[in-house]
Amino acid sequence: MRIEKLAAIDIGSNAIRLLVSNVIIQKNSDEPNFKKSALVRVPVRLGTDAFIKGEISQENENRMMKAMKAFKLLMEVHGVEKYRACATSAMREAANGEEIARNIKKETGIDIDIIDGKEEAAIIFSTDLGNVIQNDKSYLYVDVGGGSTEFTVFSNGKIINSKSFKIGTVRLLNNKKISKNSWDEIEDWVKINTKKLKHISLIGSGGNINKIFKLSGKPINKPLSLIYMKAHYKFLKQMTYEERISELGLNPDRADVIIPATKIYVSAMKWSGAKKLYVPKIGLADGIIKSIYHNKS
């Protein structure tokens, strides 16, 4: 048996994460076991800067720099052999995103890849969806982030179509004027790409749907129903921000974005005709770890 330590840094619009994993390789096994060793989440909301002001503020650049220095030390302490840092829509859209990435590289040695929506989706797909996807069924995969949402249609084990839309939780929260046209564009795309598919189910990923699933108390691999999602959306909207923190135990930076996130999932279910929503425990950081391992092996 051999154990490798790999790490992933996910620089999102609502938070920055460091995931450290043990990759356990058995002699007689083709596929290694990926076991989480540590996960650190820092609530640096880059999206508020990027989507409203068009650039990341000095204050958030400083916080990000401190987070990267801390992550570098944590990776050293854990004995990480290889890592990858990926930034998504906030850094992608910020006018000073590339400059900040250069400053961080200079100060910490951490090289940040600013990736587009398609690569983000491809990395997430490198995680194990095998427990959820059945080759003879159809699925609409929805990954809701702070700045954008990725939609991918699967049927018979193959990707039919995929598209990234600039509607995300932080963007919706800070810009109430997102046009009806933007929602209509997504609705049209979903309906066109799913209309010939029967008995379609949704697969959801992202921090908000993971939290919704946890609150539901459902066993792993069991789906949430459209009826449950509609009721939960109504329930969340009836609570104040403070009640969502005190009564549901949500983090302050989760208690606001969970409402626009739920709206996106419920809308996607309605547009596609899906009655079930599966929530596998996957995300960008998990995908980065697996892609590092498979790309080197």
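The conversation below goes through the sheets and helix contacts of a predicted model.

Trainee: What should I know before reading the model?
Mentor: It is a predicted model, in which local features need pLDDT of at least 70 and side-chain atom pairs count only at pLDDT 80 or more, while totals for chains, interfaces and linings use all residues. Residues are numbered from 1 along each chain as its sequence is written, and side-chain values use heavy atoms, with hydrogens and water left out.

Trainee: How are helices and strands defined?
Mentor: Both are DSSP runs, numbered from the N terminus: helices are H or I with at least four residues, and strands are E with at least two. Two strands pair if DSSP finds at least two bridges between them.

Trainee: What is the strand order in the sheet of 5 strands?
Mentor: The order is β3-β2-β1-β4-β5, in an open sheet with mixed pairing. Because β3 (33–42) and β5 (112–114) are the edge strands with a single partner each, one side of each has no neighbour in the sheet. On average, neighbouring strands here are turned by 20 degrees against each other, direction ignored. For such angles, axes are lines fitted to C-alpha atoms, for helices over the stretch in contact, and angles run from 0 to 180 degrees between N-to-C directions.

Trainee: Which strands of this sheet does helix α2 touch?
Mentor: Helix α2 (residues 58–78) touches β1, β2 (16–25), β3, β4 and β5, and its direction makes about 20 degrees with that of β2. Contact means heavy atoms within 4.5 Å.

Trainee: And how do β1 and β4 pair?
Mentor: Strand β1 (residues 2–11) pairs with strand β4 (residues 82–87) in the parallel sense over 6 bridges. Ile-11 has Ala-87 as its bridge partner in β4.

Trainee: Now the other sheet. What is the order of its 6 strands?
Mentor: This open sheet runs β8-β7-β6-β9-β11-β10, with mixed pairing. Its edge strands are β8 (158–165) and β10 (224–225), each pairing on one side only.

Trainee: Is β6 mostly covered or exposed?
Mentor: Strand β6 (residues 138–144) is mostly covered, with 7 of its 7 residues buried. Buried means under 20% relative accessible area, exposed over 50%, and partly exposed in between, using a 1.4 Å probe and protein chains only. Ser-138, Leu-140, Val-142 and Val-144 point one way from β6, while Tyr-139, Tyr-141 and Asp-143 point the other way.

Trainee: Which strands does β6 pair with?
Mentor: With strand β7 (residues 149–155), β6 pairs in the antiparallel sense over 7 bridges, and 4 residues lie between the two in a hairpin. Asp-143 has Glu-150 as its bridge partner in β7. With β9, β6 pairs in the parallel sense over 5 bridges, and Val-142 stands opposite Gly-204.

Trainee: On to helices. How do α7 and α12 pack?
Mentor: Helix α7 (residues 180–194) and helix α12 (residues 258–272) pack at about 40 degrees, with their axes 9 Å apart. That angle makes α7 oblique to α12. Angles under 35 degrees count as roughly parallel, over 145 as roughly antiparallel, 65 to 115 as roughly perpendicular and the rest as oblique. Residues in the contact include Trp-183 and Ile-186 of α7 and Ile-264 and Trp-271 of α12.

Trainee: What about α8 against α12?
Mentor: Helix α8 (residues 207–216) and α12 pack at about 90 degrees, again with their axes 9 Å apart. The two helices are therefore roughly perpendicular. Asn-208, Ile-209, Lys-211 and Ile-212 of α8 meet Ile-258, Ala-261, Thr-262 and Tyr-265 of α12.
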